[in-house]
Amino acid sequence: MTAQQRPNIVLILTDDHASHAIGAYGSVVNATPRIDEIADNGVRIDNCFCTNALCTPSRASILTGTYSHINGVTTLETPIDASQPTFITQLHEAGYRTALVGKWHMGEGPGHDPEGFDYWAVLRDQGEYFNPQILTSDGVEIVEGYATDIITDLSLQWLESLPGDEPWCILIHHKAPHRPWEPDEKHKGMFTNPIPVPDTFDDDYATRSSAAHRAAMRIADHLTLTDLKQSPPEDLTYEQAALWKYQRYMEDYLACVASVDDNVGRVIDWLRDNNVLDDTLMMYTSDQGFFLGDHGWFDKRFMYDESLRMPLLVSCPSRISDHGRTIEQIVTNVDFAQTILDAAGLEPHPRMQGVSFWPQLTDTPDKPTRDAMYYRYFENDDANHHALAHYGVRTETHKLIYFYNDGMGLPGSSPFVYPPEWEMYDLVEDPEELRNVYHEPAYRDQREELKAVLWSLQAELGDTPHPSQPIPERVSR
């Protein structure tokens, strides 16, 4: 591909696929050989983080290149204004053919349906694993089969239909492996051996704030019969039942991932068979991380790393050399839009807030990105999981979280407000985030510095601190 040629683009976005359930990231619970091919042909990004660990907001940030408080999609119940600028609208204006297939989950109807796409076929709301409803500009159709296969089928059909040589961009958005983790017959039951249990499975949250204690995400207590598909044996103790539920949950979760892996392989094979693999920017990611028994939890929402970290594997063999390497710099989902536009040779919309990491992928691998990333979860005390609202900063070595515990009237939040609390973690000494050091005197200097960083980032990004947050000591009044 010459400098004048623009790459095709494939962005595969899964839902709740934790990086520690991907072979390329060293998974000890499963193998993902086809997903791993993207890393083998390109780059694995180790510190990719979401800025709001919730499906709908993360998708909006990926598409618009903005934080939740700018694009307006703060909770699961705040649909997108689809008319706002996105990397898709910019690619489309520059001559790219554009498509979206799979999970949208940012609202339905005029003003919320996808815009800027030549073709779109999306699941309604969360979508179904089997015989899903598919919404297009022509209406709704029930398509028989398994959602992961159907999404891939429709994606490849669109690619097959394209005439000419103009570049194209397709977003392939899988439902899997989202709850309730319903595998197809091909993969169901493939995990019969005991699945390793995380070291933090029995975390008692001893040093944490009340948020961890309030959250209704414990495998031992909050998985439903719909999730488990069968009742636990009656003769188990509480601890034994918790481990049984973990195995049951992980068997189905990983089987759903296995189907995704097969279908990623189908896309790679199509690109290779049509001689466009080398000139295609291919990205594999998830809308956020997920707890796989870590700290005894399932789900996401929290700023702890298992939830915060997104997998991100990127290949474009004609542009990205030194295959199989890793990038350690901090990247966020807000950066995706500008990176894709940079790869296409296009200037980002002035509204976008990210940082392109295309240079790190190509010619300047050691170039810094940012010293700290900003996170905010808005959906306080939601009805199902009762996770409390918080924001914070993460650097390479430390994390500071402010649980302000107030939904501020946002849809999806409860009316309850709880006293605010702080947490801080030393990620070098305590990578599993078991010891909240916020109140320890030895960390006072680092704590006050992080508070100033948090305040500065909020100002830089245009977010408003919660009224309960004190002005940091190291900020000029």
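## Exercises on a predicted model

Lys 229 lies in the loop between helix H8 (225-228) and H9, where helices (H or I, at least four residues) and strands (E, at least two) are DSSP runs, numbered from the N terminus. This is a predicted model, in which local features need pLDDT of at least 70 and side-chain atom pairs count only at pLDDT 80 or more, while totals for chains, interfaces and linings use all residues. Residues are numbered from 1 along each chain as its sequence is written, and side-chain values use heavy atoms, with hydrogens and water left out.

**Exercise 1.** Classify the crossing of helices H5 and H9, and describe their contact by residue class.

*Solution.* First, the axes of H5 (residues 147-161) and H9 (residues 238-273) come within 9 Å and cross at roughly 10°; axes are lines fitted to C-alpha atoms, for helices over the stretch in contact, with angles from 0 to 180 degrees between N-to-C directions. Angles under 35 degrees count as roughly parallel, over 145 as roughly antiparallel, 65 to 115 as roughly perpendicular and the rest as oblique, so H5 and H9 are roughly parallel. Then, with contact meaning heavy atoms within 4.5 Å, residues of H5 including Thr 148 and Leu 156 meet residues of H9, among them Val 260 and Trp 270. By class, this contact has 5 nonpolar (Ala, Val, Leu, Ile, Met, Phe, Trp, Tyr, Cys and Pro), 4 charged (Asp, Glu, Lys and Arg) and 4 polar residues (the others, Gly among them).

**Exercise 2.** Find the geometry of the ring pair Phe 336 and Phe 357.

*Solution.* Rings of Phe, Tyr and Trp (its six-membered ring) pair if their centres lie within 6.5 Å; planes under 30 degrees apart count as stacked, over 60 as edge-to-face and the rest as tilted. The search of the whole structure finds 23 aromatic pairs. For Phe 336 and Phe 357 the centres are 6.3 Å apart and the planes at 70°, so the pair is edge-to-face. Finally, both Phe 336 and Phe 357 are buried.

Note on methods
Buried < 20%, exposed > 50% of the residue type's maximum accessible area, 1.4 Å probe, protein only.
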